Amino acid sequence: MKAKNNIPNSYFSLVRKRFFANRVGILGLVFVFLLIFTAVFADFLSPYNPAGRDSDRVFYPPQGINFFDEDYNFSLRPFAYGFIEGFDPDTFEPTMEIDYSQKNYIYFFTRGWEYKFLGLNLDIHLFTTKDNSKIFLLGSDAYGRDMLSRVFKGSRVTLLFALIVVSITTVIGILVGISSGYFAGKFDIATQRITELALAFPELPLYLSLVAILPRQMDPFLVFIFMAFILSSLKWAQLSREVRGKTLSLRRLDYIKAAEALGSNDMRIIVKHLLPNVTSHVIVSVSLLIPSVILTESFFSFLGLGIQSPFVSWGLQLNSAQDLRTIGSYPWVLSPVFAILISVLGFNAFGDALRDAIDPYATTTKK
Amino acid sequence: MLSFIIRRILYSIPLLFIISILIFFIIQLPPGDYATWYVSQTKALANITQEQAIELTITLREKYGLNDPIVFQYLNWIKNIIFYFDFGFSMHYNKPVSEMLADRLPRTLIIALICHFFATTIGVTIGIYAAKNQNKLGDNIATIFAFLGMTIPRFFLALLIMYWLAIVLNSDNTGSMYSPYYAVQPMSFAKLWNGILHIWPIFAIAVLGGLAYNMRVMRGNLLDVMRMQYIETARAKGLSENQTLYRHAVPNALHPLVMFQGIALPYMLMGELEAAIVLSIPTAGPLLVESIQRQDTYTTAAILFCLTVILVIGNIIADILLAVLDPRVRQN
């Protein structure tokens, strides 16, 4: 008999066990970790300055990494061939021919452009090239900026934005939901009407209209903040509904009555007894809310109505893809979409698995 | 039943009232009004002096009641909407907003409703199939499909289809409602077919997401219902598996789905808008975005208002349907 077996499993160890039994959930978790890692170490991972323009290397196609050159000579240091720009004599379209004489070698953990990290001035990078040679693993954009570095940099703004929106939403949602469910009566009726109002609005058109009234020449940072508030203006309603429902059912349970009988005040009951019991539900809602915020932000920035440069977000990078000719000639401008896809799929898979782990009896309908 | 319907409709009137106030404030927020815009336009085109311009501003403000207290302005605005379906004047397009809405909004609504129909019927069918074959190959494929359908960004799908149509297939059927030839023709089957050739990507994109949602909800509900005791009873009295399923389980599993339609309609509408914006098919979506880019506030507000009213009506219909299906709802 091991003593260990006699200790009952805590709630969270049960949740963890159920979560890690779900392979899709683990995959989602890995994606989420990768994203956060990328966002934190974006500068270190980026081979070039995301804002650095290069008029000599406009719309370079993605370059492949080689270990063997055209004569099958092996090189331990990976390299990518450069391009010769030319013109198609018939159509006058610019063409990119691989230039076998030009090898751009990749160096790992070397010095490159300077950046700030935690107040330190650093210039070390995971990989970069030397001596004015460049490689673009995802191609370059209309200003010759490295798409890969910009995708890394974009992860910061996109995730930070989602984080801000979700934080505002969660705080409002929990406050309104718990107080509405706990105090009931007239207060509940009043807040429920406001919640219904927020739920009645069509999301996309309302956000668009609110974005429309922001002044045009606004500071990009202020636009970022206002956008976050605009997107939070409706999203809290759904969460507060769910929290209220949960609180209503908890309130009827004996332990709350016992707490009341023992003379706990409202504050204590809410913080000590109700909040911990709605937390798991809120965590799930949050992890499923993040992808929806990412999608909305990307769509707005894609339309040119969201995040403004000099900030970089995935959606904003796709803004140039609105023009069909650009996609037609330079399909790699669509590459930030895959970053969006990975994050949305990752957070969704993670959230779904977490929901199943936290509440194994709930079906997919009860979101 | 009738009292339920009346109560439900009366109940939504204060909601619409508050919504209209909020939207009116959205219109009022940007600096400048119709008069300043009109005068600056005239100044640019007709070359009038500063004094004339100021005079014109004053007369225009008088004429349109822009000097009235804001409450009266609001009453005037809402009165025109309710009695004359007049949403004001589009500054960018230089014609009444209602004219453009009459052109664009029905299209959006029809497309969204058709999408809604297909998404529901196909989604429910696949949902039943998936629940019947729980954890088998078909169910797994359907689940993965639903997951992808819900998570892949719709504007990305729209871009992809657009790229495929315009670049790979070199098709002419993009970026408009009809081909130039049919644009001026009266409605006919050929024109309808031509229209479908242009707007099918919207159907595909909006239906995919909605169908995935419906499928998930239906599958979950049905699995819940199948665990109930009365299903066991139905089996025990000798009904075949299919009879149990279609006579007892499916009708009961449909209730939450009907309740869910209140959420599904906005989702479909948003899907239609998003796809139409990217594919620039002239429905309400592109008009909305364009009016925002041109800061054409009246048009923006009108579209927002109409879409909100549609959603409120959609919710009423969903609630009434639910009351018809489920006696517990109408008695409460």
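Me: How many residues of chain A are in contact with chain B, and how many of chain B with chain A?
Reply: In this predicted model, 36 residues of chain A are in contact with 41 residues of chain B.

Me: Which elements of chain A give two or more residues to that side?
Reply: They are α5 (185–200), α6 (203–212), α9 (266–303), α11 (324–329) and α12 (336–358) of chain A, and the one that gives the most is α6(A), with 9 residues.

Me: And how do the residues on that side of chain A divide into nonpolar, polar and charged?
Reply: On the side of chain A that touches chain B there are 27 nonpolar residues, together with 7 polar and 2 charged ones.

Me: Switching to the largest nonpolar core, which residues touch the most other members?
Reply: That core has 138 residues, and Ala158(B), Ile202(B) and Met268(B) are the ones that touch the most other members, while its largest share, 18 residues, comes from helix α11 (residues 241–279) of chain B.

Me: What does Ile202(B) touch, then?
Reply: Leaving aside residues up to four places away in sequence, Ile202(B) touches Ile111(B), Glu272(B), Ala275(B), Ala276(B), Leu279(B) and Ile281(B).

Me: Back to chain A: what does the domain assignment give?
Reply: The assignment gives domain 1 (56–144) and domain 2 (150–357) for chain A, and the C-alpha centres of these two domains lie 39 Å apart.

Me: How many residues does the contact take from each domain of chain A?
Reply: The contact takes 7 residues from domain 1 of chain A and 6 residues from domain 2 of chain A, and the domain 1 side has 5 nonpolar, 1 polar and 1 charged residues.

Technical notes
Residues numbered from 1 in each chain as written. Chains lettered and ligands numbered in written order. Predicted model: local features only at pLDDT ≥ 70, side-chain atom pairs only at ≥ 80, totals over all residues. Contact = placed C-beta atoms within 7 Å. Helix = DSSP H or I, 4+ residues; strand = E, 2+ residues; numbered from the N terminus. Nonpolar A, V, L, I, M, F, W, Y, C, P; charged D, E, K, R; others polar. Core = buried A, V, L, I, M, F, W, Y, C linked by C-beta atoms within 7 Å. Buried ≥ 20, exposed ≤ 12 C-beta atoms within 10 Å, placed from the backbone. Domains from an automatic or database assignment.
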